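Please walk me through some local backbone features of this structure. Start with a helix and its cap, then turn to the loops.

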Amino acid sequence: MGRGGFVISKNYTRWIFVLPALIVVSTLFVYPFLSSIFYSFTNKNLIMPYYKFVGFDNYRAVLGDPTFWWAFLNSIKWTVFSLVGQILVGFSLAMALNRIRHLQWLYKILLIIPWAFPTIVIAFSWQWILNGVYGYLPNVIVKLGLMDVAPHFLSDSTWAFVSLVFVNIWFGAPLIMVNVLSALQTVPQEQYEAARIDGANAWQVFRHITLPHIKVVVGLLVVLRTVWVFNNFDIIYLMTGGGPANSTMTIPILAYNMGWGTKMLGRSSAVTVLLFIFLLLVCFIYFKVISRWEKEGAHS
């Protein structure tokens, strides 16, 4: 009896320790998630006290809206270009740092600075640098004679999207660099030495030794960064607000404008649910690929 009582008490103690985390997760994630699904089937409007169920009307309206598909295409381009750029830059920096033996800690600190700053500071700083009237970069371009007129990086529909992608690569590459560098430092040095003795070139060493050890880490980074970049709101909203002429409009910006601009919370919720379903499918594909990599690594 005493022993059974101890087991019950131990089980209760375990749940007591977990309870605060469950409350926080339920408050910050589960409730908003379930409420979004609920409101997506209603005509909920933030300025109206009452609402009613409308079934799939919100989803039909969203999927039939050309602005939604324009924002979806922009989100795809924004994610692909940002992700590829961040991986290329971060991976290159990690490979370079892995070869440095002196003052590596200093280079890591300097290169991680973009990721360490708050997003609002980064957005406003780049907004000042790229401003077509008083911005530092446009005026330098004119003074160097590269252009006759200062380019309007954030107010020109051609330049705005490219500028945002550049800023996002600059911001996100350090995270890739740090994680890839940590993975590179776990590769057994004996394998590199054996490859040199066998006469393997740099590409063969990278393909048969480095890549198999770090590809799972890189795969997980791709999953996380895909979700984060696709859901990115703050950099785009603070720098362009989705403009000019919707050239930088993405799904999160569209959902925000529907919910807080036109007050159509039901339709905005439908957009967020569709976004969730899409990212769920993308993550499923990613994890299937990573799972196959892990199985190949276990058998090799």
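Which residue caps the N-terminal end of α3? D65 does, with a side-chain oxygen 3.0 Å from the backbone nitrogen of T67. Such a polar contact is a pair of N or O atoms within 3.5 Å; within protein, one must be able to donate a hydrogen and the other to accept it, and residues adjacent in sequence count only if both atoms are side-chain atoms.

This is a predicted model, in which local features need pLDDT of at least 70 and side-chain atom pairs count only at pLDDT 80 or more, while totals for chains, interfaces and linings use all residues. Residues are numbered from 1 along each chain as its sequence is written, and side-chain values use heavy atoms, with hydrogens and water left out.

Helix α3 covers residues 66-99, 34 residues in total. Helices are DSSP runs of H or I with at least four residues, numbered from the N terminus. From first C-alpha to last, α3 reaches 50 Å, close to the 50 Å expected at 1.5 Å a residue; the expected span is 1.5 Å times one less than the number of residues.

The loop between α10 (234-239) and α11 (251-261) holds P244. A cis peptide bond joins G243 to P244, with omega about -5°. N246 lies in the loop between α10 and α11, and its phi is positive, near 60°. Most residues other than glycine have a negative phi, and most peptide bonds are trans. N246 is partly exposed at 34% relative accessible area, where partly exposed lies between buried (under 20%) and exposed (over 50%), using a 1.4 Å probe and protein chains only.

K263, in the loop between α11 and α12 (265-299), has a positive phi near 65°. K263 is partly exposed, with a relative accessible area of 28%.

Note on methods:
Helix = DSSP H or I, 4+ residues; strand = E, 2+ residues; numbered from the N terminus.
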